[in-house]
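These are my notebook entries on one structure. I record what I looked up, entry by entry.

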Amino acid sequence: MVDILTLGKITSLALADAVNPCEMAVLIMVLVTILIQNPEKKRKVLFAGLSFSSAIFLGYLFYGIVLVQLFNSFALFLKANSLYIYRGLAILAMIIGALNIKDFFTYHPGSFATEMPIFMRPKVKKIIQKVTSPLGAFITGFVITLFLLPCTMGPYIVASGLLAELGILGALPWLLYYNFIFILPMIIITFIVYFGFSRVEDVSGWKDRNIRWLHLIAGILLFGVGVALLMGWV
C-alpha cells in the first residue's frame, strides 16, 4: 500500500526539481545542436532527447542511491537525532524554496542554489556542441549531471534524507518515481518538438519568458514541504 504522506512529500519535491529552468535549458541546447546538424532528420531529435533524458534519469538515480546509503551509514546517529535531522531537512527545503521565490522578484542568471553557475555554462555549451547522435546525447547526459547538481540537488537531498529510513530497497521505488517526474518535462519538450507542435526556439523563448514563474512554482512547492515537515503536518 502506498504511503500517502510519503507520496505527497516526494511528489512535491520532485515537481519542484522538475520545473527547474536549469535542466530545460540544457535539453534545449542538445535539441538545437542535433537539429542544426540534422535539419531534416526529426527522428534523430526524438532519439537524442529521449537518450539525454534517460541518461539524466540513470545518473540521478545513482546519486539518489549514494545519498540514501550515506544517510544510512550514519543510521545510529540519525536515529538518536532524528528530530534534529528532520528539522534540518525541513529548513533546507525552506531555504532553497525562499531562494527560488526571491528569483521571482529579483532574478539574476546563475543565482546561488537555484541555477547553474555562470562560470559552468560555457563548459556545458562546449560539451553539448560535440553531440552528433543519440548515443552522444546519452553519454553527454551522464557528464552534464555533474553540472546540473548545483541547481537541482537541494530538493533531492531533502527527498533522500526523508527516504533513508526505508533503506536502499525500500527507497528505490520512490527514487525511480522521483526521477521519472524529474525528467518528465524533458520528455514532453522532446515530443513537442518532434511532432512539430513547436520549434525548439519557441520552447526556449517560452522558458526564458516564464523563468521567474518557474522559480516561483518551485519555490512555493519547496517552501511548503519545508513548513509542513517543520510543523509535523506530514
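**Entry 1: helix 9**

Which residues of helix 9 (residues 200-209) are buried? I found Val200, Val203, Ser204, Gly205 and Lys207. Buried here means under 20% relative accessible area, exposed means over 50%, and partly exposed lies in between, with a 1.4 Å probe and protein chains only. Helices are DSSP runs of H or I with at least four residues, strands are runs of E with at least two, and both are numbered from the N terminus. The cover over the buried residues of helix 9 includes helix 2, helix 8 and helix 10 (211-231).

I note the basis of the entries here. The model is predicted, so that local features need pLDDT of at least 70 and side-chain atom pairs count only at pLDDT 80 or more, while totals for chains, interfaces and linings use all residues. Residues are numbered from 1 along each chain as its sequence is written, and side-chain values use heavy atoms, with hydrogens and water left out.

**Entry 2: Pro21**

I next looked up Pro21, which is placed in helix 2. Is Pro21 buried or exposed? Its relative accessible area is 4%, so Pro21 is buried. I then listed its contacts, where contact means heavy atoms within 4.5 Å. Apart from neighbours within four places in sequence, Pro21 is in contact with Glu115, Lys207, Ile211, Leu214 and His215. I also noted that Pro21 and Met116 are 95 residues apart in sequence, yet their C-alpha atoms are 9.2 Å apart in space.

**Entry 3: the disulfide**

A disulfide is a covalent bond between the sulfur atoms of two cysteines. The rule applied here is a pair of cysteine sulfur atoms within 2.5 Å. By this rule I counted one disulfide. It joins Cys22 to Cys151, with an S to S distance of 2.0 Å. Cys22 lies in helix 2 (residues 21-37) and Cys151 in helix 7 (residues 134-163), so that the pair links distant parts of the chain, 129 residues apart. Why is the disulfide of Cys22 and Cys151 left-handed? The torsion about the S-S bond is about -95°, and the disulfide is therefore left-handed. Both Cys22 and Cys151 are buried.

I returned to helix 2 for Met29. Met29 has 28% relative accessibility and so counts as partly exposed. Residues up to four places away in sequence aside, Met29 touches Val124, Lys125 and Ile128. The C-alpha atoms of Met29 and Gln129 are separated by 8.2 Å, although these residues are 100 apart along the chain.

In helix 7 I looked up Thr140. Thr140 has a relative accessible area of 8% and is therefore buried. With residues up to four places away not counted, Thr140 touches Ile127, Ile128 and Val131.

I turned to pairs of helices. Axes are lines fitted to C-alpha atoms, for helices over the stretch in contact, and angles run from 0 to 180 degrees between N-to-C directions. Angles under 35 degrees count as roughly parallel, over 145 as roughly antiparallel, 65 to 115 as roughly perpendicular, and the rest as oblique.

The axes of helix 1 (residues 4-18) and helix 8 (residues 167-194) come within 8 Å and cross at roughly 30°. The two helices are therefore roughly parallel to each other. On the side of helix 1, the residues in contact include Thr6, Leu7 and Ile10, and on the side of helix 8 they include Trp174, Tyr177 and Tyr178. By class, this contact has twelve nonpolar, two polar and one charged residues. Ala, Val, Leu, Ile, Met, Phe, Trp, Tyr, Cys and Pro count as nonpolar, Asp, Glu, Lys and Arg as charged, and the others, Gly among them, as polar.

At what angle do the axes of helix 1 and helix 7 cross? They cross at roughly 165° and come within 8 Å. Helix 1 is therefore roughly antiparallel to helix 7. In this contact, Thr6, Lys9, Ile10, Leu13 and Asp17 of helix 1 meet residues of helix 7, including Thr152, Pro155 and Tyr156.
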